[in-house]
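This report describes one protein model, from its overall make-up down to single residues. Please look over the sequence and the structure first.

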Amino acid sequence: MNPRCFLLCLACMAALAGCQPQPASTASVVRIEGPTMGSTYHISYVPGSGGQPAAAQAQGAVQALLGEIDAAVSTYRDDSDLARFNAAPAPVCMDMPDTALELARHALALAQQSEGAFDVTLLPVLEAWGFRHGAAARPAHEASPAPAPAELEAARDRMGMQHLRVQPGQLCKDAPIRVEFNSIAAGYAVDRVASYFAQQGVGSYLVEITGEMKAVGLKPDGAPWRIAIEAPLEGERQAQRIVQLNGLALSTSGDYRNWHEVDGQRQSHIIDPRTLAPVRHRLAAVTVAAPSALEADGLSTLFMALGPQQGFDYAQARGIAALFVSRRENGAGFATRATAAFDAAFGASPQGEKP
């Protein structure tokens, strides 16, 4: 997945360091973890009646779900359904699994609502700016030249949400675009895993996948799941804001983990689809809370593309709970700004709060 700011789980950070699945008979909270999507997942849950699901059962189910999603939409393996779609010459319509179709529908809706500021067909542009995928990926922060205008114009012919559509059971394209769902797939996975635990009768859980989170219910001692939102600092991990999460998903996106030096200037990996260039505003990170992790994941990416003012206005007008963290003009730290919905959900930020 694309590097992003990670949310820190204060309630279980120590326990998750090298933890193994614990049977319900010896632990009030069962914890499981494993690799996925080039990163990891960590899950804590309070078993339902009869101690179900057991740790081994839950871990097997979670890994099966994540494997299903990976087989459907991974862009890091040549045999995924999405990789086959990307490799097919246009125009084409292909039978696709529900996972790919649901992600495509969500991406198309978000692109329309944002007037093109959200785009899942940017692979040619990312590659032109040096942010390549898979084995061709270069280390973050590596210097590179800016792409020539002609190269970007050529990339424009191979991207665009207007070339993508969904019809019953099929994904279609009318131009040689390549689709990647890295900006929303982790959130989708969180929702799928959360749904599994709900179906198992689990009323209290915390699901984290590659930094995307959703928490429901209270821990056995009656305490809420507490999450720390990471400050956008390079080279260190520090909590900026602590929130109590119950029934909501949380997603944070930022520009400080993955960037390159291009012609002597720092360039974010976040591309504005409207300009085909890395964003140049001062927004360092944005956190979104929403009932769905899929929704929160996509919106946090969108707001990073829109920037501190346009993104804030978009969120405020639609009642979206979001926290914006921007670099000050003089370089002296950060300024935070929360929407009314964020303050309503978590309370106003403490006075003088700063990373």
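The protein's secondary structure amounts to 10 helices and 19 strands. Helices (H or I, at least four residues) and strands (E, at least two) are DSSP runs, numbered from the N terminus. This is a predicted model, in which local features need pLDDT of at least 70 and side-chain atom pairs count only at pLDDT 80 or more, while totals for chains, interfaces and linings use all residues. Residues are numbered from 1 along each chain as its sequence is written, and side-chain values use heavy atoms, with hydrogens and water left out.

**Overall figures**

The protein has 355 residues, and 53% of them count as buried. Buried means under 20% relative accessible area, exposed means over 50%, and partly exposed lies in between (1.4 Å probe, protein chains only). Take the contacts between residues at least 6 apart in sequence: 65% of them join residues at least 24 apart. A contact here means heavy atoms within 4.5 Å.

**The eight-stranded sheet**

Eight strands form an open sheet in the order β2-β3-β8-β9-β12-β17-β18-β19, and the pairing is antiparallel. The edges are β2 (30-36) and β19 (334-338); each has a single partner strand, so one side of each lacks a neighbour in the sheet. From one strand to the next, the twist averages 10°. Axes are lines fitted to C-alpha atoms, for helices over the stretch in contact, and angles run from 0 to 180 degrees between N-to-C directions. Two strands pair if DSSP finds at least two bridges between them.

| Strand pair | Bridges | Residues standing opposite |
| β9 and β12 | three bridges | Lys-214 and Ala-249 |
| β12 and β17 | six bridges | Leu-250 and Ala-289 |
| β6 and β7 | four bridges | Val-166 and Leu-171 |

Strands β8 and β9 form a hairpin with two residues between them, and Thr-210 there has a positive phi near 50°. Strand β9 is mostly covered, with four of its five residues buried.

From first C-alpha to last, the 15 residues of α7 reach 21 Å, close to the 21 Å expected at 1.5 Å a residue. The expected span is 1.5 Å times one less than the number of residues.

How many of the 15 residues of α7 are buried? The count is 11, and the helix is mostly covered. Among these buried residues are Tyr-188, Val-190, Asp-191, Val-193, Tyr-196 and Phe-197. Gly-201 follows α7, with a positive phi near 85°.

Helix α9 (residues 308-317) lies across β17, β18 (321-327) and β19. It runs at about 170° to β18.

**Ser-300 in helix α8**

Helix α8 (residues 293-306) holds Ser-300. Is Ser-300 buried or exposed? Ser-300 is buried, at a relative accessible area of 0%. Beyond its neighbours within four places in sequence, Ser-300 is in contact with Ser-251, Thr-252, Ser-253, Val-286 and Val-288. Its C-alpha is 8.2 Å from that of Ala-322, which is 22 residues away along the chain.

**The disulfide**

The whole structure contains one disulfide. A disulfide is a pair of cysteine sulfur atoms within 2.5 Å. Cys-93 is joined to Cys-172, with an S to S distance of 2.1 Å. Cys-93 sits in strand β4 (residues 92-95) and Cys-172 in strand β7 (residues 170-173), so the pair ties together parts 79 residues apart in sequence. The S-S torsion is about 115°, so this disulfide is right-handed. Cys-93 is partly exposed, at 31% relative accessible area. Cys-172 counts as buried, at 1%.

Strand β7 also belongs to a hairpin with β6, with two residues between the strands. In that turn, Gly-169 has a positive phi of about 75°.
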